[in-house]
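Me: Could you walk me through this structure, one question at a time?

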Amino acid sequence: MSARKATEADAGLLLAWRNDPRTRQASRSTGVITLDEHSAWLRGVLASPDRELYVVESGGNPVGTVRFDREDDGVWEVSITLAPESRGRGLSGAVLAEGERAVTASRPVRVIVAAVHRDNAASAALFARAGYAETTPAVDGFRKLRKTVS
């Protein structure tokens with residue numbers, strides 16, 4: 001597995017993964033996104049000093065994406081999406097770990113937090129296996145998890 005920074009050339013791939021029904025079900029924003037909306041969002045993410053977006057590949061094939069949004073000095077919120085065709089293959093832990101490796105290599109990271117939909121047992125289990133612990137009760141249907149990195 002390897003993570004690379006996303007580029008504008010990834011727009012179509014990332015949009016397809018984002019608009020997948022299972023991805024939307026677990027997201028804060030569940031509506032279908034248009035190409036224009038997604039392209040504008042992607043340009044903003046790529047230009048922001050407070051965001052990191054990685055495409056994770058296995059054997060040269062994209063299998064997922066991991067995004068980090070700075071919340072505070074050294075505190076980053078993670079969001080992970082697996083390609084629909086990569087689900088059920090046991091890749092989520094490796095995708096998350098590769099994203100964490102990439103962001104901690106390029107940014108000062110003390111804590112990583114995750115917001116997991118209360119009905120998303122698979123994501124909750126993924127983050128628990130990766131060392132995240134629940135910090136607060138669910139708010140707006142999302143549990144907040146936290147991992148101290150350094």
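Reply: Gladly! Let us start with a term: a residue is called buried when its relative accessible area is under 20%, exposed when that area is over 50%, and partly exposed in between. Please keep in mind that this is a predicted model.

Me: Is Val 78 buried or exposed?
Reply: Val 78 is found in strand β4, which covers residues 75-82. Its relative accessible area is 4%. The cut-off is under 20%, so Val 78 counts as buried.

Me: Which residues does Val 78 touch, not counting residues up to four places away in sequence?
Reply: Strand β4 is where Val 78 sits. Leaving out residues up to four places away in sequence, Val 78 touches Val 66, Arg 67, Phe 68, Leu 96, Ile 112, Val 113, Ala 114, Phe 127 and Tyr 132.

Me: Is Glu 100 buried or exposed?
Reply: Glu 100 has its place in helix α4. Its relative accessible area is 11%. With the limit set at under 20%, Glu 100 is therefore buried.

Me: With which side chain does the side chain of Glu 100 make a polar contact?
Reply: Setting aside neighbours within four places in sequence, Glu 100 is in contact with Phe 68, Ile 112, Tyr 132 and Lys 147. The polar contact between side chains, at 2.5 Å, joins Glu 100 to Tyr 132.

Me: How do the axes of α4 and α5 cross: is α4 oblique or roughly parallel to α5?
Reply: Helix α4 spans residues 92-106 and helix α5 residues 121-129; their axes come within 10 Å and cross at roughly 55°. Because of that angle, α4 is described as oblique to α5.

Me: What is the angle at which helix α1 and helix α3 pack?
Reply: Helix α1 holds residues 11-19 and helix α3 residues 35-47, with the axes 10 Å apart. Their crossing is right-handed. The packing angle is about 115°.

Me: How many nonpolar residues does the contact of α1 with α3 have?
Reply: Ala 11, Leu 14 and Leu 15 in α1 meet Leu 35, His 38 and Leu 42 in α3. By class, this contact of α1 with α3 has one polar and no charged residues, and the nonpolar ones number five.

Conventions
Residues numbered from 1 in each chain as written. Predicted model: local features only at pLDDT ≥ 70, side-chain atom pairs only at ≥ 80, totals over all residues. Heavy atoms only, no water. Axes fitted to C-alpha atoms, helices over the stretch in contact; angles between N-to-C directions. Helix = DSSP H or I, 4+ residues; strand = E, 2+ residues; numbered from the N terminus. Parallel < 35°, antiparallel > 145°, perpendicular 65-115°, else oblique. Buried < 20%, exposed > 50% of the residue type's maximum accessible area, 1.4 Å probe, protein only. Polar contact = N/O pair within 3.5 Å; in protein donor to acceptor, adjacent residues only side chain to side chain. Contact = heavy atoms within 4.5 Å. Left-handed = near helix turned anticlockwise from the far one by under 90°. Nonpolar A, V, L, I, M, F, W, Y, C, P; charged D, E, K, R; others polar.
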